[in-house]
Amino acid sequence: MRIASPRSGLLRRSAVFWAALLSVMVVLLGAVAIRQFRATTEIGKATEDRITGDLESLMIDWHLDFYRRFSATCVALQVGPDSGAFDEWDVFRDRYAQWRRTAQTPELVRSLYI
């Protein structure tokens, strides 16, 4: 029969202590990992929402700018009862020349054939 020495009990208690400490550290590490994942997911969602809003705003600005430029061209060159349907062709040429001088993008209409 072997007699247990006091030192072997100390080693056994030390091993239990380290196993418990390691278990607690694993649990804490898992909790930190879950919180990190949730935080990263929330940040990603917030970033996606911000980028979506910015892109939507830019698209609306582009659409309105295009509409302004294109409608100015259409108004300047329109033919109809209120715009001078009975005018001479020189009037249309003069309106086109005036539009070319004041337009932001006169290259939108390269030339006008009357």
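**First stop: Phe70**

Select Phe70: with a relative accessible area of 42%, this residue is partly exposed, a label that covers the range between buried (under 20%) and exposed (over 50%), using a 1.4 Å probe and protein chains only. Phe70 sits in helix H1; helices here are DSSP runs of H or I with at least four residues, strands are runs of E with at least two, and both are numbered from the N terminus.

Before going on, some housekeeping. This is a predicted model, where local features need pLDDT of at least 70 and side-chain atom pairs count only at pLDDT 80 or more, while totals for chains, interfaces and linings use all residues. Residues are numbered from 1 along each chain as its sequence is written, and side-chain values use heavy atoms, with hydrogens and water left out.

**Along the aromatic rings**

The rings of Phe66 and Phe70 are stacked, with centres 5.7 Å apart and planes at 10 degrees. Rings of Phe, Tyr and Trp (its six-membered ring) count as a pair if their centres lie within 6.5 Å; planes under 30 degrees apart are stacked, over 60 edge-to-face, and the rest tilted. Phe66 and Phe70 are 4 residues apart in helix H1, so about one helical turn separates them. Phe66 is partly exposed too, at 44% relative accessible area.

Next, pick Trp62. How is it arranged with Phe66? The two are stacked, 5.7 Å centre to centre with 10 degrees between the planes. They are also 4 residues apart in helix H1, about one helical turn. Trp62 is exposed, at 54%. Show Trp62, Phe66 and Phe70 together and you have one aromatic cluster; the structure holds 4 aromatic pairs.

**A buried neighbour: Thr73**

Move on to Thr73, in helix H1 (residues 6-77). Thr73 is buried, at 6%. Which residues does Thr73 touch, leaving aside neighbours within four places in sequence? Look for Trp99, Leu108 and Val109, where contact means heavy atoms within 4.5 Å. Thr73 and Leu108 are 35 residues apart along the chain, yet their C-alpha atoms are separated by 8.2 Å.

**Salt bridges**

Side chains of opposite charge can pair when their charged atoms come close. The whole structure has 4 salt bridges, each a side-chain nitrogen of Lys or Arg within 4 Å of a carboxyl oxygen of Asp or Glu. Among them, select these:

- Asp65 and Arg69, at 3.3 Å, N to O; Asp65 is partly exposed at 27%, and Arg69 is partly exposed at 32%.
- Asp49 and Lys45, at 3.1 Å, N to O; both lie in helix H1, about one turn apart.
- Arg50 and Asp54, at 3.7 Å, N to O; Asp54 is partly exposed at 42%.

**Zoom out**

Finally, show everything. The protein has 2 helices and 0 strands, and buried residues make up 11% of its 114 residues.
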